[in-house]
Amino acid sequence: MKKRTIILLSLLSAAVLLVPAFFTDPAGADEGEETKEYYEDLMRRQVNAVGASKALKQAFGFDETGNIQYPPDFAGMWLEGEILVVALTDVSEDAIAQYRSWAGEYSGCLQFKEAQYSYVELMQAKAAVVSELREDHHITVVESYVSEGANRIVIGVDEPSLAIIEASPSLIDYDYPIQ
């Protein structure tokens, strides 16, 4: 019972310390308004790029469980200001024309970038690498994702696992870029 009380008191003290940090504006109201206006303006400028993203995802289609079915040449997409950057493993004129067609009225805000690996390839590789690290090497993976912009797999591990990897770098010697 004492342990629960201590934990509860610790959580309450942390909450009391965090509330002022999250609900006050140390820079003053004017700077807060400028920041709010900046992001509102940015969101207005990104409307077409967000529309393009939605149109592309709709064009890709979905499987029976609702997951997006990415085309084999698709490597990712992200916003850069009011532009939607689309990474492809094939940046031929035909491929670009297909993506512009899928984006429809939003095609003017698309920019294309060549990538080495498709999104599907990296997702499959990520699953295999994480599984191998956990099962074969007892590495504690705390997070993993595909960085579409960097066209690589990102894997986060706890400190003891990082020490194991640093002592034996060949553990993460794969055909795909891993960070």
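Two residues are said to be in contact when heavy atoms lie within 4.5 Å. In this predicted model, residues 24 or more positions apart account for 57% of the contacts in the chain with a separation of 6 or more. The chain has 179 residues, of which 28% count as buried, and its accessible surface comes to about 11900 Å², with 54% of that area belonging to carbon and sulfur atoms.

The chain contains 6 helices and 5 strands, and when it is read along the sequence these elements follow the pattern α-α-α-β-β-α-β-α-β-β-α. The elements and residues discussed below are placed as follows.

| Element | Residues | Residue of interest |
|---|---|---|
| Helix 3 | 47–60 | Phe 60 |
| Strand 1 | 74–80 | Met 77, with bridge partner Val 86 |
| Strand 2 | 83–88 | Val 86, with bridge partner Met 77 |
| Helix 4 | 93–103 | Tyr 99 |

Strand 1 and strand 2 pair in the antiparallel sense over 6 bridges, and one of the residue pairs involved joins Met 77 to Val 86 in strand 2. The hairpin that these strands make has 2 residues between them, and in this hairpin Gly 81 takes a positive phi near 65°. Because 5 of the 7 residues of strand 1 are buried, this strand is largely enclosed by the rest of the structure.

Asp 73 lies in the loop between helix 3 and strand 1.

The structure holds 10 aromatic pairs. In the pair of Phe 60 and Tyr 99, the ring centres are 6.1 Å apart and the planes stand at 75°, so the pair is edge-to-face, given that planes over 60 degrees apart are counted in that class. Since Phe 60 lies in helix 3 and Tyr 99 in helix 4, the pair ties together parts that are 39 residues apart in sequence. Both Phe 60 and Tyr 99 are buried, and they belong to one aromatic cluster that is formed by Phe 60, Tyr 70, Phe 74, Tyr 99, Trp 102, Phe 112 and Tyr 119.

How values were computed
Residues are numbered from 1 along each chain as its sequence is written. This is a predicted model: local features need pLDDT of at least 70, side-chain atom pairs count only at pLDDT 80 or more; totals for chains, interfaces and linings use all residues. Side-chain values use heavy atoms; hydrogens and water are left out. Helices (H or I, at least four residues) and strands (E, at least two) are DSSP runs, numbered from the N terminus. Buried means under 20% relative accessible area, exposed over 50%, partly exposed in between (1.4 Å probe, protein chains only). Two strands pair if DSSP finds at least two bridges between them. Rings of Phe, Tyr and Trp (its six-membered ring) pair if their centres lie within 6.5 Å; planes under 30 degrees apart count as stacked, over 60 as edge-to-face and the rest as tilted. Accessible areas come from the Shrake-Rupley method with a 1.4 Å probe; for residues, only the protein chains shown count as cover.
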